[in-house]
Amino acid sequence: MSISGEFAYGCPAIDLNVSKTKIKLLVDSGFNGQMMLPQKVIDKLNLEQIGFSDFTLVNGEQKRTNIYKAEIDFFNKTINVDVLSTNADFSLAGMELCQEA
């Protein structure tokens, strides 16, 4: 199985099924986590919150966000991933997710 991709907003992007819903994620080599989704998408998917995390933005600003669990279809297998929430209007796939490939 392959994962389809394209460029969105000038960045590489992939489509993944997240909790049985197709979501476009920008591939972000500067994001060390697995996945980041807008809070409104997390709410729509009804993901279970499992904790919170502190992280640092590229400009050095410290942030705190919630962590959720999601199930995704990834290269012919279903895996559980940690999802960070964001108030942004885009979704990210990070380098930790790429290690699952």
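This is a predicted model: local features need pLDDT of at least 70, side-chain atom pairs count only at pLDDT 80 or more; totals for chains, interfaces and linings use all residues.
## The largest pocket

Let's start with the empty spaces. Rolling a probe the size of a water molecule over the atoms shows where empty space is left. In this model, the largest pocket holds about 620 Å³ of space. It is lined by 26 residues, and the closest to its centre are Phe31, Met36, Phe55, Thr56 and Leu57.

If you sort the lining by class, you find eleven nonpolar, ten polar and five charged residues.

## The second largest pocket

The second largest pocket contains about 170 Å³ of space. You can trace its lining through Ala8, Tyr9, Ile23, Lys24, Leu25, Leu26, Pro38, Val41, Asp89, Phe90 and Ser91.

Strand S3 (residues 21-27) provides the largest share of this lining, with four residues. Here the classes come out as eight nonpolar, one polar and two charged residues.

In soluble globular proteins, nonpolar side chains tend to be buried together. The largest nonpolar core in this model has 19 residues, and those with the most contacts inside it are Leu16, Val18, Met35, Leu37, Ile72, Val83 and Leu97. Two or more residues of this core come from each of strand S2 (11-18), S3, S4, helix H1 (39-45), S6 and S7. S6 gives the most, with four residues.

What does methionine 35 touch, leaving aside its neighbours within four places in sequence? Its contacts are Leu16, Val18, Leu25, Ile72, Val81, Asp82, Val83, Leu84, Leu92 and Leu97. There is also a second, separate core of eight residues, among them Ala8, Ala13, Leu26 and Met36.

## One aromatic pair

How many aromatic pairs does the model have? The count is one. Its partners are phenylalanine 74 and phenylalanine 75, with ring centres 4.9 Å apart and 75° between the planes. The pair counts as edge-to-face because that angle is over 60 degrees.

Are these two residues buried or exposed? Phenylalanine 74 has 4% relative accessibility, so it counts as buried. Phenylalanine 75 has a relative accessible area of 34%, so it is partly exposed. The cut-off behind the first label is simple: buried means under 20% relative accessible area.

Notes
Residues are numbered from 1 along each chain as its sequence is written. Side-chain values use heavy atoms; hydrogens and water are left out. On a 1 Å grid over the protein atoms alone, a cavity is a set of points where a 1.4 Å probe fits but cannot get out, and a pocket is an open set with protein on both sides within 12 Å along at least five of seven lines; lining residues have an atom within 4 Å of a point. Grid points are joined across faces, edges and corners, and a volume is the space filled by probe spheres set on the points. Ala, Val, Leu, Ile, Met, Phe, Trp, Tyr, Cys and Pro count as nonpolar, Asp, Glu, Lys and Arg as charged, and the others, Gly among them, as polar. Rings of Phe, Tyr and Trp (its six-membered ring) pair if their centres lie within 6.5 Å; planes under 30 degrees apart count as stacked, over 60 as edge-to-face and the rest as tilted. Buried means under 20% relative accessible area, exposed over 50%, partly exposed in between (1.4 Å probe, protein chains only). A nonpolar core is a set of buried Ala, Val, Leu, Ile, Met, Phe, Trp, Tyr and Cys residues joined through side-chain atoms within 4.5 Å. Contact means heavy atoms within 4.5 Å.
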